[in-house]
Every structure is written in structure tokens, then in C-alpha cells.
Amino acid sequence: IAVSERVSNDPTVWQRLANLYLVQASLGLTPLGTEADDAVDKSLELAPQRPELQMMKVRLKLARGDVQGAREILEQLIKTFPTNADARMQLALLYHYTQRDAEAIVLAEQALGRVALNNYSQVSWIADYYRQNKQYDKALGLYERVAQYDKGSLELYWQLAQTYALAGRK
């Protein structure tokens, strides 16, 4: 807090402070108090057009189990910044975890071309959806894209091989 008092006009300092509060709470070192929200609010006051600050608010909402509040922020963020692929992907994940897979896939597909996919866990749920719906070409494309970066994932290569077999390819 001493640093934030000296650099009170820098939104990055306030964002980092909010993140610190969240990390400490996630590790069980401290409860997640209102200080994190205050820090994000201060950073938003200083830089209202920075979507990553809204994403921090989403993380705080989710840490408290406020899925509805997180969804509302993400939906507003997408309206305000329609090209923000990270917000689309986060909302897609939120929809997926609340069993709204049809909506989740639409958002994920909108974001896929604009987000870095470097590990299997990012896309496993999307590829599973495609496989369940016999959309093997889409699943294969996703697996192959991730395989360019995630060369050590045995699960990825296992799923890729199985999907090739399901698609009738060798």
C-alpha cells in the first residue's frame, strides 16, 4: 500500500495491488477483502478504457463465486470492446462451466482466430464438443494448431490420434 500511495496516479500499480490481494487470497494467506475491489476501482478511475482492468474485476467476482456478476461484466466488456478475443474466450469458458455449451462454442469460435493457443488444456473442452458432435475436421484443426506449440502433451497427441481414427484417417 505504501507504494500505491506514492504512485497514486499510475493505474498499473493499482492493478498489480489488486492482483496481489487476489493471489494472497487464492493461496489462503489472507481473506479476499474489499481492498482488491478498491484497488481495481482506482485503476479504472485512472484508466477507464483498459479492458484488462475489467478482466481483473471478473477474476475477483469469480473468486467470490459471483458467476452472474462476472458474466455481466464480460458481456458488457464485449459490447464495449467487440474485438477483445480474451473477453470472448473467458465468457465462452464461463458459459461452458455453466452448461451453456452451444453459446460457449459460438463465442469460442469467434475468439479462436485471435487468441494464442499454446496448450491443450485451453482447447480440450472445445475439441471434446466437436468430437461429440462428429465435427472431426474442426477438432483436428484445433488439435493440430495447439500441437505446434504444446509438443510435450501426451494427452493432446492421444486425442489427436483418436480423432484421426474417428474421422477415418490414418
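Buried means under 20% relative accessible area and exposed means over 50%, with partly exposed in between (1.4 Å probe, protein chains only). This is a predicted model, where local features need pLDDT of at least 70, side-chain atom pairs count only at pLDDT 80 or more, and totals for chains, interfaces and linings use all residues. Residues are numbered from 1 along each chain as its sequence is written, and side-chain values use heavy atoms, leaving out hydrogens and water.

**Exercise 1.** Work out whether Glu-52 is buried, partly exposed or exposed, and find its salt-bridge partner.

*Solution.* Start with the area: Glu-52 has 32% relative accessibility, so it counts as partly exposed. Next, look for a salt bridge (a side-chain nitrogen of Lys or Arg within 4 Å of a carboxyl oxygen of Asp or Glu). Glu-52 pairs with Arg-50, with 2.6 Å between the closest N and O atoms.

**Exercise 2.** Find which helices the Glu-109 and Lys-138 pair ties together.

*Solution.* First, the closest N and O atoms of this salt bridge are 3.1 Å apart. Now place the ends: Glu-109 sits in helix H7 and Lys-138 in helix H9, so the bridge links parts 29 residues apart in sequence. Helices here are DSSP runs (H or I, at least four residues), numbered from the N terminus.

Note on methods. Helix = DSSP H or I, 4+ residues; strand = E, 2+ residues; numbered from the N terminus.
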